Amino acid sequence: MESTLRSDDFLNWIDVHTVEPPTLTDRFEVGELEPGLVHRLFLRLTENAVHQPIRVPIMVLRGAEPGPVVGITAAIHGNELNGIRSIQRLFETIDPAELAGTLVGVTISNAPGYIRNQRVFSDGQDLNTLMPGSAHGNDSQVYAYRFCERVLPEFDYLLDLHTASFGRINCIYARVDTTHAVATRMARVLRPQIIVHNAGDKTLRGAAMALGIPAITVEIGDPQVFDSDDIRSTRIGIRDVIEDIGLIPPDSEIATGEAVECVRSSWLYTDTGGLLRVLPEVATIVKKGEVIATLRDPWGQILRTYRAPVDGIVIGKATNPAATTGARILHLGILGSVGG
Ligand SMILES: [Zn+2]
């Protein structure tokens, strides 16, 4: 018995497909792209130390008819990947000939972080805490600035796609400034499991809103994976949003369920270190006083029992049992009808 494959076994085992190369560009202007077509762009933002351009991949479905521009961004946290595939799947299912307006997908917004399988930018900074960046700042600040300057102004609406971070899980939920009626409507039409009011300062969403672009953040499950169920739900929800905006006629698929709305939310943290077990599942209601987590010492003795301080819904939770003092336990949403 041969224990390994021989070189002959590798004949014809790879099909190499021919693909369209992207158009390299330093500028992004939707109005310059030919209507009725799909465009693949590779937009230069900054350069690395060998003077190689750092580019972000952008897909554009330029509709045959004029209309609003809806931007969808993914992976501004480089390890949050479900949004990338959600954009790709959405674009595969839409013919630009049936579009009145333009759909733009920035699939990998934080390319340096994505390459490193990490949330943060190459200099260790979280891009989504320093928007709209600074023209004369450090590496991440300039990248953020140019992203906001070269990409955002082309949009009339923005959906920014994220996932949970490592060691945590999320349901599908939307963050939105619910004092803004159009943005709130976008979140409701998407039909995530939960909608949370959040002003969104210093985020990409906040930068868009400051430019007068209605924007929502969509959290889609877990980091560094493609979850096909979450991707399908997101694709259908985004399609419903662009139908509602009027880019495309309604199709037969409609996102199901009614979102639970939260007026605010906050993380609960441990007050000492140990081995953490969080009990409720995401998207479940917890009642004030209900046990939500236990913390044990290395010998298995229970150090703490944590209880829900108020009624709420579990938006996300920790999955990593190794908990320091101040480790995240769960993200609790406080129920209440939001404005908008
Ligand atoms: Zn994120």
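In the predicted model, the domain assignment divides the protein into domain 1, covering residues 19-245, and domain 2, covering residues 263-335. The centres of the two domains, taken over C-alpha atoms, are 31 Å apart. Ten residues of domain 1 and 16 residues of domain 2 take part in the contact between them. About 1,000 Å² of area is buried between domain 1 and domain 2, and carbon and sulfur atoms account for 66% of this area. On the side of domain 1, the residues that lose the most area to domain 2 are R168, I169 and I194, which together make up 47% of what that side buries.

Zero salt bridges are counted between domain 1 and domain 2. Polar contacts, by contrast, are found across this interface, in five residue pairs. Two strands, β7 (168-170) and β9 (194-197), each supply at least two residues of the side of domain 1 that touches domain 2. By class, that side of domain 1 consists of five nonpolar, four polar and one charged residues.

T107 is located in the loop between strand β5 (100-106) and helix α2 (111-115). The relative accessibility of T107 is 7%, and T107 is therefore classed as buried, since the limit for this class is under 20%. When residues up to four places away in sequence are not counted, T107 touches P57, M59, A74, A75, I84, I87 and Q88.

N117 occupies the loop between α2 and α3 (139-150). With a relative accessibility of 47%, N117 counts as partly exposed, because this value falls between the 20% and 50% limits. The residues touched by N117, not counting those up to four places away in sequence, are N79, F166 and Q224. With Q224 the contact includes a polar one, in which the side chain of N117 meets the side chain of Q224 at 3.1 Å. The C-alpha atom of N117 is also 6.3 Å from that of G78, although 39 residues separate N117 and G78 along the chain.

G333 belongs to strand β18, which comprises residues 328-335. The relative accessible area of G333 is 0%, so this residue is buried. Apart from neighbours within four places in sequence, G333 is in contact with C262, R264, S265, D311, G312, I313 and I315. G333 and E34 are 299 residues apart in sequence, and their C-alpha atoms are 45 Å apart in space.

Charged side chains were then considered. Side chains of opposite charge can pair when their charged atoms come close. By the rule applied here, the count comes to 18 salt bridges; three of these pairs are described below.

R27, with a relative accessible area of 45%, is partly exposed.

Another salt bridge joins the side chains of D126 and R119, with 3.4 Å from N to O. D126 is buried, as its relative accessible area is 15%, whereas R119 is partly exposed at 28% relative accessibility.

A further salt bridge connects the side chains of E253 and R232 at 3.3 Å, N to O. This pair links distant parts of the chain: E253 lies in the loop between α6 (228-245) and β11 (260-269), while R232 lies in helix α6, and the two are 21 residues apart. E253 is partly exposed, with a relative accessible area of 25%, and R232 is likewise partly exposed, with a relative accessible area of 47%. Elsewhere, salt bridges that share partners join R27, E29 and E32 into one network.

Notes. Residues are numbered from 1 along each chain as its sequence is written. This is a predicted model: local features need pLDDT of at least 70, side-chain atom pairs count only at pLDDT 80 or more; totals for chains, interfaces and linings use all residues. Side-chain values use heavy atoms; hydrogens and water are left out. Domain bounds come from an automatic or database domain assignment. Contact means heavy atoms within 4.5 Å. Buried area is the accessible area (1.4 Å probe) that two parts lose on being put together, summed over both. A salt bridge is a side-chain nitrogen of Lys or Arg within 4 Å of a carboxyl oxygen of Asp or Glu. A polar contact is a pair of N or O atoms within 3.5 Å; within protein, one must be able to donate a hydrogen and the other to accept it, and residues adjacent in sequence count only if both atoms are side-chain atoms. Helices (H or I, at least four residues) and strands (E, at least two) are DSSP runs, numbered from the N terminus. Ala, Val, Leu, Ile, Met, Phe, Trp, Tyr, Cys and Pro count as nonpolar, Asp, Glu, Lys and Arg as charged, and the others, Gly among them, as polar. Buried means under 20% relative accessible area, exposed over 50%, partly exposed in between (1.4 Å probe, protein chains only).
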